[in-house]
Amino acid sequence: MRRSTLLVALTTTTALALSGCGRDDGGAGDAGAPQTGEAVSTDDLSGELEVWAMGAEGEALPDLVAGFEEQYPEVSVNVTPVPWDSAHDKFVNSITAGTTPDVAMIGTTWMGEFAGMDALDPTPGSIDTSTFFEGAQGTTEVEGTSYGVPWYVETRMVYYRSDIASEAGYDEVPTDQEGFQEMAAAMQEQEGVDWGISLQPGQTGSWQTVVPFAWSRGGQIATEDAYTLDTPENVAAVDYFGSFFDEEISDANPPEGQTEATFTDGSVPMFISGPWMMSLVEDFAAEGGEEDFGSMYDVAPIPTADGGESTSFIGGSNLGVFADTENRDAAWALVDWLTQPETQVEWYDMTSALPSVQSAWDDEALTEDEKLAKFGEQLTTAQAPPSFPTWEQVAAAFDAEMEKVAKQDLSGEEAVRTAQQQAESIGTGQ
């Protein structure tokens, strides 16, 4: 089974103040009530649609949308692949120049920024947003208004060498954080194991590991209108993260790009990552002559403070219609078609991008892989960061403090206090 090896790029936001058209009165930056986009019609669709999509999705999408063109033969869809590393600036420049596409793949962490610019069209009521994973749908919403739909999703789980865990006396991964750390320490005592677990020691994106520890304690990092990084739950989560480095269970200075190698050779038998790593570790093992590596590891939920409901980070990418589109009905018809269960399963078969529509996970293509099914279960409770336009800046500040926790023995209280102060200085951008 093919699995995605794609990461969703996280890009630093740029503050802009722009106006758009084709919207109900009041933009995302206004304090008005949540909006629903004007109704759309699929009768007599025609004309051209310009679609932008990033990375491998941009390369594969033309083959998929051929099915949409068969259904609506008077509509022509042109897909422009856009490299992830230049995508954000390309969008910003197009908004400034009034040359946005009709439809685009949009990184989940860009939604607040682009909606705040009044650049996106609110999702029409004809699209049933309840069909999506709740956490994924939340990434499209800014101040209560949805500005797109989730296209594909991913979340994070614990990868662990089940054979080494068994040697350490564990047939399954403890669901509570204390027991989980004890398991990591016990695995570290086994022959050939250098570190019990690999945790990202700060730097870009490390919040995606730390914040789920807080969510799984009942903590939150933001309310509807403010950052709340310095809560007791968040302090405890950061201290828990830091304890892996304090007790030398995780390497504070790991070599880059060695996760597959150290996991397959057993020297670091646990790490936290997304579903794309399944194919990476299995392919790496196969290259070394281990064809049955899939039976030597498994995945488990993010541990919680008390063994209760696990919560992880939800990522992926959304689809949005730009407010300046001159073919709004056809644009939303395409978005709706791309998120039908049967289309999502076909897209998974083509790219291994995991469906955002929950019912698509009932298809045999996804249920036949037990590990993948566990990711589907984790997605039902996964959460997204706040949709504030400034989140990327605040996340960068938080990541910098996490590096100090891992490498300089900074306490959780000091780390979140500094991160909160920086967050308040940056503001929400709303």
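1. Ground rules. The model is predicted, with local features needing pLDDT of at least 70 and side-chain atom pairs counting only at pLDDT 80 or more, while totals for chains, interfaces and linings use all residues. Residues are numbered from 1 along each chain as its sequence is written, and side-chain values use heavy atoms, leaving out hydrogens and water.

2. H8 against H15. Helix H8 (residues 232–246) packs on helix H15 (residues 391–408) at an angle of about 45 degrees, with the axes 8 Å apart. Helices here are DSSP runs of H or I, at least four residues, and strands are runs of E, at least two, numbered from the N terminus. Axes are lines fitted to C-alpha atoms, for helices over the stretch in contact, and angles run from 0 to 180 degrees between N-to-C directions. H8 and H15 are therefore oblique to each other (under 35 degrees is roughly parallel, over 145 roughly antiparallel, 65 to 115 roughly perpendicular, the rest oblique). Val 238, Phe 241, Gly 242 and Phe 245 of H8 meet Phe 398, Met 402, Val 405 and Ala 406 of H15 (contact means heavy atoms within 4.5 Å).

3. H6 against H8. The axes of helix H6 (residues 177–188) and H8 come within 12 Å and cross at roughly 15 degrees, so the two are roughly parallel to each other. On the H6 side the contact uses Gln 177, Phe 180, Gln 181 and Ala 184; H8 brings Tyr 240, Ser 243 and Phe 244.

4. The cores. The largest nonpolar core has 52 residues, of which Leu 61, Phe 68, Val 77, Phe 91, Leu 334 and Leu 338 touch the most other members. (A nonpolar core is a set of buried Ala, Val, Leu, Ile, Met, Phe, Trp, Tyr and Cys residues joined through side-chain atoms within 4.5 Å; buried means under 20% relative accessible area, exposed over 50%, partly exposed in between, with a 1.4 Å probe and protein chains only.) Helix H11 (residues 328–338) gives this core its largest share, eight residues. Leaving aside residues up to four places away in sequence, Phe 68 touches Leu 49, Val 75, Val 77, Ala 330, Ala 333, Leu 334 and Trp 337.

5. Positive phi. Asp 44 is not a glycine, yet has a positive phi of about 55 degrees; Asp 44 is found in the segment before strand S1 (47–54). Asp 44 is exposed, with a relative accessible area of 75%. Asp 409, also not a glycine, has a positive phi of about 65 degrees and is found in the loop between H15 and helix H16 (412–426). Asp 409 counts as exposed at 54% relative accessibility.
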